[in-house]
Structures are given as structure tokens and as C-alpha cells.
Amino acid sequence: MTLEPDDSAPGLRELLAFYAEAGVDDALVEEAPDRFAEAERAAQQAAAAAVAPPVAEDRSATQRQPAMAAPPRPAATAAVPDETQIALARQRASEARTLEELRQQLADFDGCNLKTTAKNLVFSDGNPEADVMLVGEAPGRDEDLEGLPFVGRSGQLLDRILAAIGLDRQSAYIANVIPWRPPGNRTPTPQETEICRPFIERQIELANPKVLVTLGGPSAKLLLRTSEGILRLRGKWSVHTTAAQVAIPTMPTLHPAYLLRNPAHKKLAWRDFLEVKAKLRSLS
Ligand code: URA
């Protein structure tokens, strides 16, 4: 459906622009639910129930009023993110013996609400045999449509950064902490992140890169298990330790989307990637 704002709908253009800027650029269902009508209906039902005369004990079955209609339920019932789902995610991830098995485990996993609104699973791009693995936060709109990480504007910047140190998608492996696009690009909840943690940790373990690069704060915090901010973390070598206790040298750096918004900080990322280049040289 194409929405054509016209003079009969003053303000619609501004409203659509506001939605687009807020990241609301996709419809989740065909018809917009009327939350005001739903709330009004629920209030009317509650008021009717409050004034209804008590049902006489001896009324025959034929005299009984039909039960109050239940409020409409949403079409898709999302899984409840809780400890059970985290435990299930851990079990599924640990069962995967190869990256392909891990991708399949993720595709079959229904314990993360984000899957219900995403169009595609965004598992990885690049070469899983590469010496360096880069981990971002979560797919955006373009990544969701293509099913590949970092293909939008920030991905194009990432490609330029990689090229500057002699790398490309044949010599780097790329993934995200969260493999499904959060609706409207919202920040994933801590529970969603914890549900996805076992999968990205296993993905790193199976890819077994010589060097890990985290892109942005959320990825650094999760994989380095720290609450320190990215501006403090970046540029300093740290270590990601896998479940099998393999220590992988890790460089936290700024996210390409942040660099697009703050071009003055590109020089900081440049320094970080020169460190990565030197480390890869020293390890080869
Ligand atoms: N931002 C990310 O963190 N990952 C992507 O894949 C795209 C944008």
C-alpha cells in the first residue's frame, strides 16, 4: 500500500516523516489496530459488569445470559522471554557443532520475541575462515530485508574502513549480537540480549577468529562482560573468553552508524583499525 498524503489529510506528511525519523518504517499487520476503540470497549464491558444484577442461584440454564465476550487477542502470540528461554537458547547453541548447524538452530528457535516481527534471520556475512570477526549490535531495515549484516549505510562505511586496512568480506567474518531486527530499530531489551547471547558466543567459538572486533557499545559490553562505556573501552585490547576458555584478543571500537552521526570521531576508529591490522600481522 502506498500512502499518499494530500490536502484532505493535513499533518499526515509530518506524521509520516516523524514516524520515519523514529524508525517506524514498516507495517507489522495489514490493519492498524484501533487502541482507543479497544480501550473504550474494555471500559464499557467493565462498567456493564459492575452494574449487572447478581445471577440468581436458581435460574435455569436457558435463562442465563451469554458470557461476556473476551477482548480480541493479538493475531500472533509472542513467546515470553524468561529464564526458560535463556536456558533453552544455551542448550540449542551448545548443541551446534558447525556454523551451519548454529544457523539452523537459530532459525528453529522461537524463544525470542524479535523473531515474530523480523522478516529474515540475519546470521552472518563474509568468510567464516577469516582471521578477524566483527560483531555489531542488531540488523536494521536493509539487513532485515536482505538477511545479511551491515548492508545499509553503516555497512557501506564499514566496507570502506575494512578496505583501508586491506580487508574485505572475503577476509573478514561479520555477525551481530542480535540476529533479528528489533521493530522500528528500537534498542533490544536486556532479556532479548541475554536470550541471544548463547548464540553469538557459540558463533564466535565455532568461527574461532584470531582477532575479534566489537562494533559499538552493546556488542563490547556483552562480549567483554563489562558495563564500561564504549568511549572508554575503545582502542584498548581486551579479551573475549569462550565457553571452552579460549582467549580471543578483542578490539572494541565505535559503531559505523555512530561514526556517520559523529564524523569527527572517525579518526578514533581509524586508530583502532590500525591496531587491528598490526595485531593480525603479528599473529600471521
Ligand atoms: N548495525 C548493526 O549493528 N548491525 C547491522 O547489521 C547493521 C547495522
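Please note at the outset that the model is predicted.

I begin with the sheet. Six strands form an open sheet with mixed pairing, in the order β1-β3-β2-β4-β6-β5. At its edges lie β1, residues 125–126, and β5, residues 238–241, each of which pairs on one side only. Within the sheet, β4, covering residues 211–215, runs parallel to β6, covering residues 247–253, and four bridges join the two. In that pair, leucine 215 has threonine 253 of β6 as its bridge partner.

Helix α9, residues 217–224, lies across β2, β4, β5 and β6. The angle between α9 and β4 is about 135°.

I turn now to the interior. Nonpolar side chains tend to be buried together in soluble globular proteins. The largest nonpolar core here has 30 residues, and those touching the most other members are Met133, Val135, Trp180, Ile200 and Ile204. Helices α3, α4, α8 and α9, together with strands β2 and β3, each supply at least two residues of this core. The greatest contribution is from α8, with six residues.

Which residues does methionine 133 touch, leaving aside those up to four places away in sequence? Its contacts are Tyr173, Ala175, Ile200, Gln203, Ile204, Ala207, Pro209, Val211, Leu212 and Val213.

Finally, another core, of 27 residues, lies apart from the largest one; Leu162, Ile165, Leu167 and Leu268 are among its members.

Key: Residues are numbered from 1 along each chain as its sequence is written. This is a predicted model: local features need pLDDT of at least 70, side-chain atom pairs count only at pLDDT 80 or more; totals for chains, interfaces and linings use all residues. Side-chain values use heavy atoms; hydrogens and water are left out. Two strands pair if DSSP finds at least two bridges between them. Contact means heavy atoms within 4.5 Å. Axes are lines fitted to C-alpha atoms, for helices over the stretch in contact, and angles run from 0 to 180 degrees between N-to-C directions. A nonpolar core is a set of buried Ala, Val, Leu, Ile, Met, Phe, Trp, Tyr and Cys residues joined through side-chain atoms within 4.5 Å. Buried means under 20% relative accessible area, exposed over 50%, partly exposed in between (1.4 Å probe, protein chains only).
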